[in-house]
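I opened my notebook for a friendly look through one protein model, page by page. Come along and check each entry against the picture.

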Amino acid sequence: PLTAVVNSHDHLEIGGCDVLELVQQYGSPLYILDEVSLRTACQQYRDAFAKHYQGQSQVLYASKAWSCLAVCAIVSSEGLGIDVVSAGEILTALRAGASPSLIYFHGNNKSIDELSYALESSCTIVVDNWHELKTLDRLAKEQSDIVSFHAPRIMLRLTPGIECHTHEYIQTGHIDSKFGFDPNEIPAVFAFLSESSLNCIGIHAHIGSQIFELQPHQDIGGVMVQWYALAGEKYGLHFSEINIGGGLGIRYVESDDPPSIEEWVKTVSAGVTEAFVTAGLPLPKLLCEPGRSLVGSTCVTAYTIGGRKTVPDIRTYVTIDGGMSDNPRPITYQSKYRAVIADRMGAALSQTVTIAGKHCESGDILIKDIQLPETNAGDTLVVFGTGAYNYSMASNYNRLPKPAAVIVEGGESSLIIKRETREDLLRQDCLPEKLRR
Ligand code: LLP
């Protein structure tokens, strides 16, 4: 949970920093990341595995949730590895100081360039499909006469056929999914691997995201162990790791009730342990790759309120200086958020309003029907739970510069991402000679 309090000026304070002062210093909109709560979430995962799983374990941070140097550096310093899905995320993890042996590369259409980069960097590659498997095998064979060659470390991503209840766009474990090998293909894949130049260390599955039920993750061990056992018994492939993906949900609004990190880890550990003990196999190294539940609740976005419009008998719109470009989740997934007015934390909730973004789209509504105290132009609206899939999915729609991000801890703040400038927006534009005037 966020280290947030109301200070003596009745302002919201995060990590010991007055949010209004942060906005004055760094501008608006502003992502504010609470370092202590991010470190705490990392420790909760680590401690829970130490307590509930007898075998080895490794938590990877799914950096798609927020890939930037500071976040990758913090999670690495807490002993986490990093799950990456592009060359850009690999570069970010490496530059942040992550150990290549703890970088796992995912993706359902990795380019040759990305695969070569991952191989050169000694990352583990989570292979998604036949095309990729064959490409990697070819790349490995091409390099196999180099003295320093060692067989690429890979894992296989399987579609586990486990359904979960979350938004359709973020379900991935059901059979009709674009990710991973279909279960029917697995024997042929194992046969191919047993003849290949690749070093397959285990299998991976991911069910979906923002999941509140525990059952799907309880069941995943039972599905994975069958394939794990088959590989060893029939194909001479001796695996040592299984990765059960991420997906634990977080509380965005009061009515959300996700399990705790410890409950989730306890459940997956029990499921995997039972499955492997029943199969008479030693416990594998157990990996998981949470994104949202590590970083989601550790960040807020501060916006400045502009004007308002009242549609008689229907609603009042209150506008802010950002919207779908810095947080595309409401327009994409109808996601809900909680917010406060940081200037008047103790004030009574006196109105129901709709928070509208500044983009040229009617759908650019950040929060529908929220209860707030009286609001004035210039007030600071703080939206909670914006650490995951906000900055990482931000765009420059309508040519808005991306906001800055700061990290706060013990009353100190430091910039972790600079605000884009107007000039930055033109940096990649080219004007051909014939169009110049
Ligand atoms: N591992 C794999 C293979 C994944 O595809 C994902 C998320 C994760 C781990 C991390 O899942 P998490 O622990 O964060 O739930 N943009 C959407 C979420 C997309 C999730 C994609 N994959 C959103 O804003 O809700």
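Here are my entries, from the overall layout down to single residues.

**Ground rules**

I am working with a predicted model, where local features need pLDDT of at least 70, side-chain atom pairs count only at pLDDT 80 or more, and totals for chains, interfaces and linings use all residues. I number residues from 1 along each chain as its sequence is written.

**Entry 1: the domains**

I looked up how the chain is divided, and found domain 1 (4–33 + 298–426) and domain 2 (106–289). These bounds come from an automatic or database domain assignment. The centres of domain 1 and domain 2, taken over C-alpha atoms, are 37 Å apart. Six residues from domain 1 and five residues from domain 2 make the contact; two residues are in contact if their C-beta atoms, placed from the backbone, lie within 7 Å. On the domain 1 side I noted two nonpolar, two polar and two charged residues. For these classes, Ala, Val, Leu, Ile, Met, Phe, Trp, Tyr, Cys and Pro count as nonpolar, Asp, Glu, Lys and Arg as charged, and the others, Gly among them, as polar.

**Entry 2: the ligand**

How many residues surround the ligand? I found 23, with Ala-62, Ser-209, Gly-246, Gly-291 and Tyr-389 the closest. A residue is near a molecule if its C-beta atom, placed from the backbone, lies within 6 Å of it. The shell has eight nonpolar, ten polar and five charged residues. Helix H10 (292–295) and helix H11 (329–333) each supply at least two residues of this shell. I use helix for a DSSP run of H or I with at least four residues and strand for a run of E with at least two, both numbered from the N terminus. Domain 1 and domain 2 both give residues to the shell, so the ligand's shell lies between them.

**Entry 3: the nonpolar core**

Next I looked up the largest nonpolar core, which has 115 residues. Such a core is a set of buried Ala, Val, Leu, Ile, Met, Phe, Trp, Tyr and Cys residues joined through C-beta atoms within 7 Å. Buried means 20 or more other C-beta atoms within 10 Å of a residue's own, exposed means 12 or fewer, and partly exposed is in between, with C-beta atoms placed from the backbone. Ile-32, Ile-82, Ile-103, Val-382 and Val-406 touch the most other members. Domain 1 and domain 2 both give residues to this core, so the core lies between them.

**Entry 4: strands and a covered helix**

I started with an open sheet of three strands in the order S1-S2-S3, with antiparallel pairing. Strands pair if DSSP finds at least two bridges between them. Strand S1 (4–6) and strand S3 (17–18) each have a single partner strand, so one side of each is left without a neighbour in the sheet. Strand S2 (residues 12–14) is joined to S3 by two bridges, and the bridge partner of Glu-13 in S3 is Asp-18.

Strand S5 (57–62) came next, and five of its six residues are buried. Three bridges join S5 to strand S12 (residues 285–288), running parallel, and three bridges join S5 to S6, also parallel. Ser-57 has Leu-286 as its bridge partner in S12, while Ala-62 stands opposite Asp-83 in S6.

In helix H3 (residues 69–77), I found Val-71, Cys-72, Ile-74, Val-75 and Ser-76 buried. Their cover includes helix H2 (35–52), S5 and H10.

Most residues other than glycine have a negative phi, and most peptide bonds are trans. I therefore checked the exceptions. The peptide bond from Ser-28 to Pro-29 is cis, with omega near -5°, and Pro-29 lies in the loop between helix H1 (19–26) and strand S4 (30–34).

Gln-210 is not glycine, yet its phi is positive, near 55°. Is Gln-210 buried or exposed? Gln-210 counts as buried, because it has 25 C-beta neighbours inside 10 Å. Arg-399 also has a positive phi near 55°, but Arg-399 is exposed, with 9 other C-beta atoms within 10 Å. I located Arg-399 in the loop between strand S18 (380–384) and strand S19 (404–409).
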